[in-house]
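Hi,

Here is the structure I promised to pass on. Have a look at it first, and my notes follow below.

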Amino acid sequence: DAGKSTLMGHLLCKAGVVSAKQQHKFEKESKEMGKETFKFAWVLDEGADERARGVTIDVCVKHFQTDKKNVTVLDAPGHMDFVPNMIAGASQADAAIVVVDSSKFDAGFKRGGQTKEHMQLIRALGLNTIIVAINKLDVCGWK
């Protein structure tokens, strides 16, 4: 888990898309299930199976507006078992944010690595605007 849903859920909370009441609900429910760190991910991981397993399975779509843009967030799965769903989400995108777990950075680019595969797929789909977000830097002791 690289933290894609958590990052996007946090963004949606900061953008005001998620009410304080909803945020409290996600925090309470995730804590009750022993998955308190998933509270932001639950903004997008709505299914019971996704929440129990702690992985995104289906593409989730959320919208918000800035002063200048209408933004659609497509949260696509990153797990190798759900690559077809990732492709379905990426095929609808104008840009991509690839979230990489810093503790698994090298493995993601080796032969058969998920990061490498996802980068190749999104490029094959014609996406030229790609942000690579390195997550979980605290695990590597980065300061």
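Leaving aside its neighbours within four places in sequence, which residues is H118 in contact with? They are P77, G78, V83 and M86, where contact means heavy atoms within 4.5 Å.

Before the rest, some housekeeping. This is a predicted model, so local features need pLDDT of at least 70 and side-chain atom pairs count only at pLDDT 80 or more, while totals for chains, interfaces and linings use all residues. Residues are numbered from 1 along each chain as its sequence is written, and side-chain values use heavy atoms, with hydrogens and water left out.

**Around helix 4**

H118 sits in helix 6 and counts as buried at 12% relative accessibility. Buried means under 20% relative accessible area, exposed over 50%, and partly exposed in between (1.4 Å probe, protein chains only). Helices (H or I, at least four residues) and strands (E, at least two) are DSSP runs, numbered from the N terminus.

In helix 4 (residues 83–90), the buried residues are V83, M86, G89 and A90. They cover an arc of only 115 degrees around the axis, so they lie on the same side of helix 4; the arc is that of the directions from the helix axis to the C-beta atoms. Their cover includes strand 2 (70–75) and helix 6 (114–124).

**Cores and a patch**

The largest nonpolar core has 14 residues, and L12, V18, V43 and L44 touch the most other members. Helix 1 (4–14) and strand 1 (60–65) are the elements giving two or more residues to this core, and helix 1 supplies the largest share, three residues. A nonpolar core here is a set of buried Ala, Val, Leu, Ile, Met, Phe, Trp, Tyr and Cys residues joined through side-chain atoms within 4.5 Å.

Neighbours within four places in sequence aside, V43 touches G9, L12, C13, V18, F26 and K62. There is also a second, separate core of eight residues, including A96, V98, V100 and L127.

Helix 5 (105–109) and strand 4 (130–135) each give two or more residues to the patch. F109, in helix 5, is partly exposed at 36% relative accessible area.

**Salt bridges**

The count comes to five salt bridges, each a side-chain nitrogen of Lys or Arg within 4 Å of a carboxyl oxygen of Asp or Glu. One of them joins K25 and E29 (3.8 Å, N to O); being four residues apart in helix 2, they are separated by about one helical turn. K25, E29 and R51 are linked in a network.

D49 and R53 also pair up (3.9 Å, N to O), both in helix 3 (residues 48–53) and four residues apart.

D101 and K136 form another bridge (4.0 Å, N to O). This pair links distant parts of the chain, with D101 in strand 3 (residues 96–101) and K136 in the segment after strand 4, 35 residues apart. D101 is buried at 8% relative accessibility, whereas K136 is partly exposed at 26%. K136 also has a positive phi of about 60 degrees although it is not a glycine.

Cheers
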